[in-house]
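Dear colleague,

I am passing on the structure we spoke about, and below it you will find my notes on the surroundings of its ligands. Please read them with the structure open beside you.

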Amino acid sequence: MKKDVLIVGGGITGLSLSWELSCLGINSILVEKAPFLGGHVSQFACKATETCQKCGACLLEDCLSKLAGAECSDILVNSTIDSFREASRKFNALILQRQSQVINEKCDDCGLCSKVCPVEGALLRPSLDSRLYISNNKCLKSLGIQCEACAQICPQGAIELAEKTKEIKIEASAVAVCTGFTPFDASRKPRLGYQRVPGVLTTLELDSLLRTGNFEPLLPADELKSVAFIQCVGSRDAKSGANYCSRICCGVSIRLARLLKNKYPQAESTIFYMDTQTFEREFDKTFGQAQNEMTFVRAMPAEIRSGEDGRPEVTYHGNDDTKQKVAFDLVILSIGIGPRDPDLPRSFPTLWNNRDGFIGSDDIDVSGGHPGIFVAGANQGPKSITDCVSQSILAASQIKKYLDRVKMGEQL
Amino acid sequence: MTKINLNRLDPQFKNRVAEQPGGEGLKACFACKACTAACPIQPLDKRYDPRKIIRMVLLGMKDQVLGSDFIWLCSSCYSCQEVCPQNVRFTEVMYAIKNLAAQEACIPPGLMAQRSLLRKHGRLYEVGEFENEKRLKFGLPPIIEHPEDFEKLLPDQSVGV
Ligand SMILES: Cc1cc2nc3c(=O)[nH]c(=O)nc-3n(C[C@H](O)[C@H](O)[C@H](O)COP(=O)(O)OP(=O)(O)OC[C@H]3O[C@@H](n4cnc5c(N)ncnc54)[C@H](O)[C@@H]3O)c2cc1C
Ligand code: SF4
Ligand code: SF4
């Protein structure tokens with residue numbers, strides 16, 4: 001299959017790039033390794049209270065619906081790049097697509113399949129309220145091992161297990177790497193109690209709890225009275241190798257605290273921070289208003305332990321210059337954006353690592369350090385959804401320039 | 001609140017501390033207060049506040065830092081160092097500050113007394129006949145004082161490294 005552009009990664013950046021390219025009349029093929037599109041954003045809920053909070057999550061739906069009608073954008077899910085070669089300005093990639101799937105129309109969500117599946121994570125739901133997918137990197141059948149447990153038990157016949165993977169050869173003139181980020185693993189900071197102290201969660205986990213409203217295993221939602229947010233977990237943290245600001249988490253915590261208050265008016269939030277970042281255009285306004293809606297404490301906690309009443313207890317140095325130990329119903333760690341270990345084949349042209357371990361350039365430039373290779377999105381550095389979309393527009397125009405020059409046979 | 005007189009600040013002070021072994025991380029501090037919250041001494045004496053001491057050094061409050069008695073309160077427990085996200089290594093910064101204080105002859109009298117004990121006996125307590133007789137009863141060999149090394153390390157009554 002011949003294409004102008006091969007896009008690796010189907011998060012908001014890759015999808016938006018695919019759309020922007022199609023607007024310029026450039027055809028592309030997008031390769032996404034997960035069984036679903038959207039990357040991290042597909043897990044986020046709309047954060048609107050009475051008004052829109054401008055979190056940007058709906059940009060994904062916008063983008064997907066635009067792409068549904070686009071003519072020159074092809075998309076492959078459940079696919080990985082197996083090998084990659086460059087010859088005379090052309091990139092040749094071998095794509096492996098695994099094709100087992102749960103047919104959405106037939107599935108009635110009885111959950112029997114998940115119970116019988118011997119591999120954790122092989123049947124997955126990207127978020128609590130999403131449909132079910134088969135992760136072909138984990139499913140035994142996809143990996144060539146005998147197992148059909150889920151298909152056999154499914155009363156609806158909704159599971160189609162494919163015998164083998166499909167090989168697709170692609171020749172492209174340019175490649176865009178949009179492989180996204182890895183959320184910071186909060187258990188790397190054991191003193192903050194993640195996975196040790198009950199009631200300590202990450203912002204990602206709170207997001208799904210808010211969507212389903214099911215706080216049950218933790219506490220009944222109407223008993224939720226006090227919530228602490230701890231900023232900069234895995235950001236501005238030289239010790240964890242993340243000596244940069246993740247740019248999104250201050251906004252994320254404020255929006256989540258507002259949404260909590262909106263759903264459960266008795267829930268009061270306290271935000272522990274060292275600096276608030278004002279990258280979003282209206283952040284100063286947001287921050288100003290937020291100061292009336294929640295408490296801001298300029299202190300990073302020394303530790304979080306299980307208090308006497310079983311609730312998580314935060315030790316910090318208070319504004320009144322004394323050491324405080326305060327218990328909250330929930331403590332939310334506002335985790336940052338980390339570089340993704342690009343699980344691209346070794347034969348992929350070396351992508352240069354930038355200052356913070358992300359790939360590509362240190363600023364907003366989308367060059368991948370090799371003619372014809374471009375980098376955009378959160379794999380290039382921490383970004384919000386709107387920043388990813390803007391960068392994909394820049395990438396589309398740079399790719400067009402490059403392709404025009406290649407067509408004219410210009411020496412690069 | 002104490003007033004800060006700008007004319008009496010020493011803008012080079014922070015650089016001098018940062019040049020000392022252990023002082024290197026000083027300027028990376030974000031003033032996040034994690035260290036202060038972890039410090040076991042701060043609740044006992046509010047003047048000993050890791051984050052504030054760093055601010056004082058960065059501001060150039062040399063006399064107020066080196067001449068104070070609170071800088072000697074650090075228990076060297078390393079709690080601050082453990083929690084600091086910025087690798088400031090505050091316990092080491094305190095050693096750097098105390099070394100500078102020693103060079104400027106700002107050592108509290110109690111520590112000076114310990115110093116002369118060290119010079120004289122090679123340890124903080126004199127071991128005399130009484131102790132050695134007791135040791136003999138328990139079948140332990142006598143302790144012979146060797147202050148020579150300390151005399152070399154701490155050459156005379158003047159301070160300094
Ligand atoms: C807790 C949290 C909350 C956030 N909330 C907000 C918010 O409210 N507003 C906001 O603007 N931003 C928010 N963000 C930031 C937002 O998530 C990112 O800006 C956005 O997800 C980046 O999109 P992306 O497409 O670059 O990367 P990703 O979303 O990470 O997508 C990358 C995609 O590439 C695929 N991929 C990776 N490697 C390969 C490979 N080798 N082959 C094939 N496919 C591959 C992945 O499966 C994935 O689908 C939040 C981030 C976090 C951590
Ligand atoms: S956005 Fe806020 S919480 Fe996130 S790293 Fe920056 S300052 Fe810290
Ligand atoms: S913990 Fe580190 S960064 Fe934070 S105030 Fe203390 S020394 Fe500064």
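Ligand 1 lies between domain 1 (2-99 + 164-181 + 339-408) and domain 2 (185-336) of chain A, because both give residues to the shell around it; the domain bounds come from an automatic or database domain assignment. This is a predicted model, in which local features need pLDDT of at least 70 and side-chain atom pairs count only at pLDDT 80 or more, while totals for chains, interfaces and linings use all residues. Residues are numbered from 1 along each chain as its sequence is written, chains are lettered from A and ligands numbered from 1 in the order in which they are written, and side-chain values use heavy atoms, with hydrogens and water left out.

The shell around ligand 1 holds 32 residues, the closest being A:T13, A:E32, A:C55, A:K383 and A:I385, where a residue counts if one of its heavy atoms lies within 4 Å. By class, the shell comprises 15 nonpolar, eleven polar and six charged residues (Ala, Val, Leu, Ile, Met, Phe, Trp, Tyr, Cys and Pro count as nonpolar, Asp, Glu, Lys and Arg as charged, and the others, Gly among them, as polar).

A nitrogen atom of ligand 1 is 2.6 Å from a polar backbone atom of A:C55, and an oxygen atom of the ligand is 2.7 Å from a polar backbone atom of A:I385. Taken alone, ligand 1 exposes 1,000 Å², of which the protein buries 96% (Shrake-Rupley method, 1.4 Å probe).

Ligand 3 is surrounded by 13 residues, with B:C29, B:F30, B:C32, B:C35 and B:C84 the closest, and its shell divides into ten nonpolar, one polar and two charged residues.

Conventions: Polar contact = N/O pair within 3.5 Å; in protein donor to acceptor, adjacent residues only side chain to side chain.
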